[in-house]
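Student: Could you show me how to read a structure like this one, feature by feature?

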Amino acid sequence: MIEIRRSNERGHAEHGWLESWHTFSFADYHDPRHMHFRALRVINEDYIAGGGGFPTHPHRDMEIITYVISGALAHRDSTGGRGVIKAGDLQHMSAGTGVEHSEANASASEPVHMLQIWILPETNGLTPSYSQTSLSSIRKNGALTLVGSQKGGDHLLRIQQDVRLFVGQLATGEKCEHAIASGRYAWLQLIDGVLAMNGQELRKGDAASTREDLQLHFVAHEASHFLLFDLS
């Protein structure tokens, strides 16, 4: 069964320098029907104004993935990880026993559009770590590009949870498929475009979830950009 989570049903926060849309309960937004999906705890779609950013703050026992869609984000953390995350880049931070980090728009004038994802780790108390990759560095295999998994690999993020994360990019009229194995679940987050998933139409900001023994068929009615999580 496929369940749809519409964009306008998400939590919304406006802080002047930050506009954020919350797929799951986060900060002041609380919806007991949407606390998480399997190990997927947070998907925040953030727009950060030029010169804005999150000051240094702590995290622990969480896998944190940042995907920059447009603009550039400056990152610094207490593991020594630092750098600029540009459009098409993905950053992974395993907070483990505790880490502090800051994220700021690298531009004083241009906005940043990004997704921040939190995944519950398979084990708590891990040693904190940091890594970064780029879509341009990963060998593509059709419309779905694997960017992270529990195993990791060449230019892939190594996520401390049984999850495979794909970035999907389809031109108008293009199609692709993905099979969900028995006992597994999927969450799709549409970043941009108009996409049909097994005949159900999704628009920018919409999401869809499903579980077990299902062949997923995607058709782009307009050029589409999305994330697909394959979860235990």
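Tutor: Start with the labels: helices (H or I, at least four residues) and strands (E, at least two) are DSSP runs, numbered from the N terminus. This is a predicted model, in which local features need pLDDT of at least 70, side-chain atom pairs count only at pLDDT 80 or more, and totals for chains, interfaces and linings use all residues. Residues are numbered from 1 along each chain as its sequence is written, and side-chain values use heavy atoms, leaving out hydrogens and water.

Student: What lines the second largest pocket?

Tutor: Ile138, Arg139, Asn141, Leu144, Thr145, Leu146, Asp154, Leu156 and Phe166 do. The most comes from β13, with 3 residues.

Student: Asp154 is on that list. Is Asp154 buried or exposed?

Tutor: Go by relative accessible area: buried is under 20%, exposed is over 50%, and partly exposed is in between (1.4 Å probe, protein chains only). Asp154 comes out at 65%, so it counts as exposed. You'll find Asp154 in the loop between β13 (144–149) and β14 (157–158). Its C-alpha atom is 29 Å from that of Gly193, a residue 39 places away along the chain.

Student: And where does Val167 sit?

Tutor: Look in strand β15 (residues 163–170). Val167 has a relative accessibility of 1%, so it counts as buried. Contact means heavy atoms within 4.5 Å. Apart from neighbours within four places in sequence, Val167 touches Tyr67, Leu135, Ala143, Leu144, Thr145, Val147, His225, Phe226 and Leu227 in that sense. Between the C-alpha atoms of Val167 and Tyr29 there are 27 Å, with the two residues 138 apart along the chain.

Student: How do I read a sheet?

Tutor: Strands of a sheet pair through backbone hydrogen bonds, either parallel or antiparallel. Two strands pair if DSSP finds at least two bridges between them. In this model, β5-β10-β7-β8 is the order of an open sheet of 4 strands, paired antiparallel. At the edges are β5 and β8 (82–86); each has a single partner strand, so one side of each has no neighbour in the sheet. Zoom in on β5 and strand β10 (residues 99–105): they form 5 bridges in the antiparallel sense. One to look up is His59, whose bridge partner in β10 is Val99.

Student: What can phi tell me?

Tutor: Most residues other than glycine have a negative phi. Arg38 has a positive one, near 55°. Find Arg38 in the loop between β3 (18–22) and β4 (40–48).

Note on methods. On a 1 Å grid over the protein atoms alone, a cavity is a set of points where a 1.4 Å probe fits but cannot get out, and a pocket is an open set with protein on both sides within 12 Å along at least five of seven lines; lining residues have an atom within 4 Å of a point.
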